[in-house]
Amino acid sequence: MSRRQGFPTKADVIERTPDRAVREMLQHMGKIGIETPFDRFDTQKPHCGFGLSGTCCKNCHMGPCRITAKSPRGVCGADAHLIVARNILRWTAAGVAAHGARGREVMLALKGAADGALDLPILGPDKVIATAKAFGIFEEGKTIKELAAEIAMILLDDLCRTLPGPHRTLEAMAPPERLQVWRELDILPVGAYHEVFEALHRTTTGTDGEWENVTRQMLRCGLAFAWSSVVGSAIAMDCLYGLPKRSKISTNLGAISEDTVNIAVHGHSPVLVAAIVKAARRSDLIAAARQAGAATIRLYGICCSGHSALAKFGDITPLTNAVGAELALATGAIDLWVADVQDVFPGIMDVAACFHTRVVTTSDSTRLPGAEHIAFDHHHSNLGEADTLAERIVRLGIQAYGGRQSGKVFIPAARMEAEVGFSVENILATFGGADTLLEHLKSGRIRGVVNLVGCNNPKVVYEEAVVKVADELIAHDVLALTNGCAAYALLKLGFCLPAGLSGAGPGLNAALTPHHLPPVWHMGECLDNARASVFFRTISNAANEPLKRLPLAFSSPEWSNEKGLGAALGFRLLGLNSYHCIAPPVDGSEKVARFIYEDTRELLGAVMVVDQDPVALARRIIADFDERRAALGWDKGSEPATTRLSALQRQQEHSHAHLHGHPHTHNDTEDHHHE
């Protein structure tokens, strides 16, 4: 398929998307004249070939320059290899900044809770103690708050260090074998802020002119992304809010109820969302909702804010990812839309204007024209006012409920139950330790493990690639972990229920059925790639083998943004291949493309693999796992089941059984209020 031809159309999405709720919403929005991301994607065609190949440079105002046979160099003399490398480095740096910015907020909140500046409980004392021991700062007699304060400062220092020194999070948490590799390559980062600073510096006019040196800085940014922006942020979240808790939930648009005040939380920052969850449980605010005619207040999750709050607190109904946000809005049943940071498309304002929905932004980093702004300020000086801000936000939702127009409400019936809240800790408790999991891997009952994640991209049919990859993997006994935007497709299509084992191979069934586990384990938001990496290292330690030799992998079939590039790079730096249906914009340089697709195997032990066919991509993962298993002398996995339900069949059967009744969110392990 040509890069400029063959991208799917909106009509293709309507025909082939695996979720029938998406199909119904696209048809409904078309009838009433509301634009979607898929309409806008169609109007962008044909896409710019220079952008697709990475050979357009806009880093100075002598351009923009584009590389052709007639003009093989830009005005400054940069060739295709340098321009492609510069562009990819800037993407990687942007990913470091994105995850790091929202991580900084929760690190500051942890510090404030520990110092007493914020009236917040520290709900993860076990995580505080475990982290303090890993950092070498644990002492008997130190309080949880004292330890948490020290942890917060270490995380903040690793994030913003300018004075060269050891990156303490990386040194404490990374596998020793990897540390040695990174030292030899001289790619250990100073700090996340510094590496982004340096990346932008190197790519300015007339600075770094050697493409290989530029890619070395990309690797440093990849480590800063993985160990500060992701792992550091995840540590702060788990310390402040506690570990995920297993629970059963309802999901998809059919889980929206019509008789409640409906508030959607959208984005990635947990601090104010946690306060909104707390406010929505208050008896006085529930009474106000009832006085307005509603049964109660219900919260819905869009993108990662939903995943994060769901895993920590419950009481959130996850609906859809960033690309599907406008579809959820167009149900006309959402009263208030609360947006914080990242993956918040400006297009939501156009959809909200067609209904009664009010939109609130909650971060100085994210403003939307026409939205009300109830937010933490630029300095985060009002973090202590989170409860007050949350009350104002919930009251706005109650007010908006009265303006809902029942004639405009359109809610597809598709709905699915799912199990969420998996963590390394509760997985090991379920299996009785890592040795049991390792035995399943060695025997071939579990052929391998894939972290199946990533955002969505209209360059492939919406949610089709991730579902087809998952279907093929579990049929061949490959266990999948998931988080973030890709997780919504897997939640909605039944992969995150034990019943999902109807599509799994006999080995995976044998390993998981005794524990009543699904074939895909939901680990939370995109930041929880950190959880997957800890799970992989746990297997590595139990096997006494480096990660690069084990049947483990990362896959983001539909990736689309800078954070997705950083996540894939972070796992390749660990020695694990990354697998995708969409290529990065590097084909304009055979040298940079060869570096990413081939040469990093020798440097890092892993490469980026791209195949536009999701089934073929999954089979490549399986073949690579079998090659690693053979090298380890482990048993070969079983053949897939000859008959199995597809994801769409599972959704249709489940939805047919749940056409009526109100959705619910139920935690069957413990009541965990954020008090």
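Predicted model: local features only at pLDDT ≥ 70, side-chain atom pairs only at ≥ 80, totals over all residues.
Two strands pair if DSSP finds at least two bridges between them.

**Entry 1: the open sheet**

I started with the sheet and wrote down its strand order. Six strands form an open sheet, running β13-β12-β11-β14-β15-β16, and their pairing is parallel. I then asked myself which strands stand at the edges. They are β13 (520-522) and β16 (608-610); each has a single partner strand, so one side of each lacks a neighbour in the sheet. From one strand to the next, the twist averages 25°.

I zoomed in on one end of that order. Strand β12 (residues 478-482) is joined to β13 by three bridges, and the two run parallel. Here Leu481 stands opposite Trp521 of β13. Helix α20 (residues 464-475) packs on the sheet, where I found it touching β11 (448-452), β12 and β13. The direction of α20 makes about 170° with that of β11.

**Entry 2**

Next I looked up β5 (residues 297-302). How many of its six residues are buried? Six of the six are, by my notes. Gly301 stands opposite Pro318 of β6.

**Entry 2: helices α12 and α14**

My next stop was a helix pair. Helix α12 (residues 270-280) and helix α14 (residues 303-313) pack at an angle of about 55°, and their axes are 10 Å apart. That angle makes α12 oblique to α14. The crossing of α12 past α14 is right-handed.

I listed the residues that make the contact. From α12 they are Pro270, Val273, Ala274 and Val277, and from α14 they are Ser305, Ser308, Ala309 and Phe313. Sorted by class, the contact has six nonpolar and two polar residues, with no charged ones.

I finished with the backbone. A reminder to myself: most residues other than glycine have a negative phi, and most peptide bonds are trans.

Where does Asn252 sit? I found it in the loop between β3 (247-251) and β4 (261-266). Phi of Asn252 is near 85°, a positive value in a residue other than glycine. Asn252 is buried, with a relative accessible area of 1%.

Asp477 also went on the list, with a positive phi near 70°. Its place is the loop between α20 and β12, which takes me back to the helix and strand of my first entry. Is Asp477 buried or exposed? Asp477 is buried, as its relative accessible area is 0%.

Then I looked up the cis peptide bonds. One runs from Lys45 to Pro46, with omega near -5°; Pro46 belongs to the loop between α3 (37-43) and α4 (49-53). Another joins Gly63 and Pro64, with omega of about 10°. I located Pro64 in the loop between β1 (56-57) and β2 (65-66).

Methods. Residues numbered from 1 in each chain as written. Heavy atoms only, no water. Axes fitted to C-alpha atoms, helices over the stretch in contact; angles between N-to-C directions. Helix = DSSP H or I, 4+ residues; strand = E, 2+ residues; numbered from the N terminus. Parallel < 35°, antiparallel > 145°, perpendicular 65-115°, else oblique. Left-handed = near helix turned anticlockwise from the far one by under 90°. Contact = heavy atoms within 4.5 Å. Nonpolar A, V, L, I, M, F, W, Y, C, P; charged D, E, K, R; others polar. Buried < 20%, exposed > 50% of the residue type's maximum accessible area, 1.4 Å probe, protein only.
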